[in-house]
Amino acid sequence: MHELALARSLTTLVDEYAAQQGVDRIKQLNIRLGELSAMTRALHFCFGSASQGTSCEGAILNIEDIPLTVFCDICDSVKTPNGRYSFRCPDCGMPTPTVVTGREMQLVSIELYETSELTPDSPHIEQTPTPKNLAVS
Amino acid sequence: MCTVCGCGQIGAKTTVQNDKHAHSHDPHEHHHGHHHFGHGAAGVSVAGYSQGRLVQIEQNILSKNDGYADDNRKWFRDHGLLALNLVSSPGAGKTTLLAETLNALKATIPLGVIEGDQETENDADKIRETGVSAIQINTGRGCHLDAHMVGHALQDLPVERGGAVLIENVGNLVCPAAFDLGEACKVVILSVAEGEDKPIKYPDMFAAADLMILSKIDLLPYVDFDVDQAVEYAHRVNPHLEIMKLSAKTGEGLQEWQDWIVVRARAAAAVSKPAPANPKKHAHA
């Protein structure tokens, strides 16, 4: 269930960067999830609802999966274990608890709409004044 | 509906960059209303994205929680306190073990407890019966404590230098693994009334912990729990995991656990700087 907390952390983070760029909607967000985060599927389930009313509403969520790799001290090299939680070197069999990749949960980038894409037909253009607009008018 | 990612319920296109799972669902021409999951004109997406304006960010998604956790960790260090995050499935005996531990240690070191549950103040009440201060956090529909909640609780929890703050997380072997609270370490409790394969069924938690406590060992004659197998599974997901066996009911093994806490609490006080005059306050209420 913490995927919802993760999705909300993500949309909050994107909101901040979108505001810095002076936009209230983004077109696409690119994130990186390590194999150990086990989040890809769960995030897809809840991203739609978590993004409602945020700058991510309607945006494409791109997830780059990062495989698990560990460092084997005995072999002195980076290895890919057999299985997600088998922290043993696939070659020498020794425990290899040092994770090199696989724990990532990162927002990599966001993609903004080009001005030319923002036509009146766009579903992402507010057709009615927002409460914020009303307040200033 | 796609059984891999759950998408497709509303005819939206979904993009997952993964060579094992790249597909497109037929769109039903949604141009208004809410759009769930990923969708867009591009269909199946590929790396490189489109010509839109790209803003590079590279930030951890849980960076807000991690920021609060860093604040908490600094607060513990400044106040010379050991913080432990106790995690387990519901019913593993965290609260009973805590109460016994507090009774045994309260004359030795200062103690404070933060209790996390979805509802009720029952656990905090049980802790307060020992005479130790406890703050109850009700997470409502939330399944885990986060560092922000703990930061607020710390403002109301007076514990003197050289002591320990024991945080009993929501009973859940999944979600609390992802949320750093600023603790020195996570302690995972597995009771012998559960299955010995819990470490490989819920590997995230056992991988995140520094110590595993096998609890309720007084029940071992009556259950089929294979201790050696549990230890082997635990070390499979976390080769560095320290393991203790105890029973809060009979007291067997409790001394080792108490000593483990006291040694670390004294070490935390020894490396600490003098405490600041004001307790930690978050920037927002």
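## Helix H8 of chain B

B:Trp257, B:Ile261, B:Ala265 and B:Ala268 are the buried residues of H8(B) (buried: 20 or more other C-beta atoms within 10 Å of a residue's own, with C-beta atoms placed from the backbone; exposed: 12 or fewer). They lie on the same side of H8(B), because they cover an arc of only 65° around the axis (the arc of the directions from the helix axis to the C-beta atoms). The other side of H8(B) carries the exposed residues B:Gln255, B:Glu256, B:Asp259, B:Val263 and B:Ala270.

The cover over the buried residues of H8(B) includes strands S2 (82-88), S5 (164-168), S7 (211-215) and S8 (242-245) and helix H2 (94-105) of chain B. Helices (H or I, at least four residues) and strands (E, at least two) are DSSP runs, numbered from the N terminus.

## Basis of the model

This is a predicted model: local features need pLDDT of at least 70, side-chain atom pairs count only at pLDDT 80 or more, and totals for chains, interfaces and linings use all residues. Residues are numbered from 1 along each chain as its sequence is written, while chains are lettered from A and ligands numbered from 1 in the order in which they are written.

## Chain A

Chain A has three helices and six strands. Their order along the sequence is α-β-α-β-β-β-β-β-α. Of its 137 residues, 39% count as buried.

The mean pLDDT of chain A is 82, and 80% of its residues reach 70 or more (pLDDT: the predictor's confidence in each residue, from 0 to 100). Over residues 124-137 of chain A, the pLDDT is below 50.

Definitions and conventions:
Two residues are in contact if their C-beta atoms, placed from the backbone, lie within 7 Å.
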